[in-house]
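Work through the exercises below with the model open. Try each task before reading its solution.

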Amino acid sequence: MSGERPVVHVLGLGPGPLHLLTLEAWETLQAADEVLLRTERHPCVEELRRRGVRLRPLDRWYEDSEDLEEAYRGIVGEVVRRAAERGTAWYAVPGHPLVAERTVRMLLREPVEVRLHNAVSFFDAVLSVLRRDALEGVLLLDGESLAEAGVRALDLRVGLMVAQVDSRLKASEVKTVLLEAYPPEHPVQVIKGAGCPGERAEAVTLEELDRAERFDHLTTIWVPPLPEAEIFDFRRLVDIVARLRSPGGCPWDRKQTHESLARHMVEEAHEAVDAIGHRDWDHLCEELGDLLLQVVLHARLGEEEGTFDIHDVLRLIIEKLVRRHPHVFGEAEARTPEEVISRWERIKAEERGEPSLLDGISEGLPALLHAYKLQSRAARVGFDWEAPEEVLPKLREELREVEEASRRGGEDLEEELGDLLFTVVNVCRHFRVDPEIALRRSARKFAARFRSMEEECRRKGRAMEEMSLEELDSLWEDTK
C-alpha cells in the first residue's frame, strides 16, 4: 500500500553547522535531485549550496500569507504537489523534523508516505549550553503557542524552554504571560545560536527580558523552575494536606474523620456566604480557600480509606459539567437560563433514575434553602400560584392559624409556625427574593441597630438590663 503513495523524505538540518548533520541526512541530501527548503534562514544553507546540493527555498509563502498558519498550509501543499507530480519529494527543515516543526505535523496528515531522516535538534543544543539533563524536567513551548495559551500552559516545577522568540515584540508577549506566574526578579537566560560557533547565553531577570534588541530566529529563552515554597497551586495544597495527615504531621489533622469534619464544611460555607453578603471580596477569597481545604481533606481521607481520591472528585465534577451542558460541549441549544436549568434537571433525573421530582434535594441543606428548592421543583410541573399577589392571602391564612394555635396551646403551634415560615419562603420565591439573603440582611440590620443601642447606653453610663422596655423601644426607634 505504501508503494502506491507518493513519498516525501523529510530531512532535519540540525541546529546550525554542517557537521551536526547526520550521515544519513547528508547522503540523502546529496542524492536528491532537488530539496524543498522550508526556509533558507539557517546557518548551513550556504555551505550546502557550495557543496552542490540543489535547494529551492519556500520563504515566499511567509511573504504572501496573512499569518503563519496560512504560510504553513501553503508550504505543505507545495511539498505534497511536488511528491504527487514526481512520485518522490525531498523536504528539509531546521533542527529535528519532530521538534517544534509545525509543517511536518501537518504533512503527516496528508495522503503521502513520510520518511523521516532525524537530526540533532535545537533542543539538544540548548541543553548542552545549559549543561542540563532533560530528565531533570523540561517543558518545551514556542513563543507563539505560549502567548496564545497563556499561563495555563505552564508547569512551574520544571524548567521552561521557549523556542522561536524571534523578535522583541514576541519577547514582550512571552514576558507578559510569564509575569502572571513568576516574580519579576526571576532569573532567565536568553540563548542565541545554540549549536553554532558563536552560541551564547545572556542572564537577565524576567522583568528585563524585552528591554534590549537581543532576539532573532535562533533565540531560545530558558526559565528555571520555581522553588516549591514559591508555588501556590492546587497540587501543592494536596501535597500539604497529605503531609499534615501523614505520620509526623499535625496531631489535630491526623485524628479527623469525615464525621468530625462535617460541621467545619458547613461553617466554612456559611462564612463564605456571609462574606458575599457583606461584599467583602478579600474575606471571600480567604473563605473560599478554607472551603477548598475541606474538600481536599475529605478527598485525602477517602484516599487513605481506599474509597476515592482527589482525582476521582475532579473527574466526576468535570464529567458532570460536560454532560449537563450539552448546549456548550455538544450540539444542543439553550437560549435562556431557564432552558439551561430545565435541561440540567432533566439530565440529572435521567442519570439517577429518580422516581420523584423532589428526589435529590438534600435534607442537610439549611431549612430556608431546602424549602425554596422543594417549592421550585414543584413549580416546574405547574404546582404553583400564577402570580406573586396570589400567595399573600395564603400568608395571612397561615398567620391566623398561628394565632389560633397560640390561643389553644398545645404541640400544633410548632407545626403552624413551620407552615407560616414555609409560606414566607414561597412569597420570597414569587417576588424573586432569596429568603436566605433577605433574612441575613435583616439580621445584620438588627445587629447593627442593637450595637448602636449598646453604644448609646455606654455613652449615657447606663446598663441596658436596668432600662424599661419603653426606654429600650425609644432607643431602638432612635437608631433607625
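Helices (H or I, at least four residues) and strands (E, at least two) are DSSP runs, numbered from the N terminus. The model is predicted: local features need pLDDT of at least 70, side-chain atom pairs count only at pLDDT 80 or more, and totals for chains, interfaces and linings use all residues. Residues are numbered from 1 along each chain as its sequence is written, and side-chain values use heavy atoms, with hydrogens and water left out.

**Exercise 1. Which residues have the most contacts inside the largest nonpolar core?**

Step 1. A nonpolar core is a set of buried Ala, Val, Leu, Ile, Met, Phe, Trp, Tyr and Cys residues joined through side-chain atoms within 4.5 Å. Buried means under 20% relative accessible area, exposed over 50%, partly exposed in between (1.4 Å probe, protein chains only).

Step 2. Read off the core. It has 22 residues, and Leu146, Leu160, Leu178, Tyr182 and Leu209 have the most contacts inside it.

Step 3. Assign its sources. β7 (159–163), α8 (168–178), β8 (187–192) and β10 (219–223) each supply at least two residues. The largest share, 4 residues, comes from α8.

Step 4. Zoom in on Tyr182. Leaving out residues up to four places away in sequence, Tyr182 touches Leu154, Asp155, Leu156, Leu160, Leu206, Val223, Pro224 and Leu226 (contact: heavy atoms within 4.5 Å).

**Exercise 2. Classify the pair of Tyr62 and Tyr72.**

Step 1. Rings of Phe, Tyr and Trp (its six-membered ring) pair if their centres lie within 6.5 Å; planes under 30 degrees apart count as stacked, over 60 as edge-to-face and the rest as tilted. The whole structure holds 3 aromatic pairs.

Step 2. Apply them. Tyr62 and Tyr72 are edge-to-face, at 6.4 Å centre to centre and 90 degrees between the planes.

Step 3. Tyr62 sits in helix α3 (residues 60–64) and Tyr72 in helix α4 (residues 68–86), 10 residues apart. Tyr62 is partly exposed because its relative accessibility is 26%. Tyr72, at 13%, is buried.

**Exercise 3. Describe how α19 meets α20.**

Step 1. Recall the convention. Two packed helices are described by the angle between their axes and the distance between the axes.

Step 2. The axes of α19 and α20 come within 9 Å and cross at roughly 115 degrees.

Step 3. List the contact. Phe446, Arg449, Phe450, Ser452, Met453, Glu456 and Cys457 of α19 meet Leu472, Leu475, Trp476 and Thr479 of α20.

Step 4. Check the rings. Ring pairs link Phe446, Phe450 and Trp476 into a cluster. Phe446 is partly exposed at 49% relative accessibility, while Trp476 is buried at 19%.

Notes. Axes are lines fitted to C-alpha atoms, for helices over the stretch in contact, and angles run from 0 to 180 degrees between N-to-C directions.
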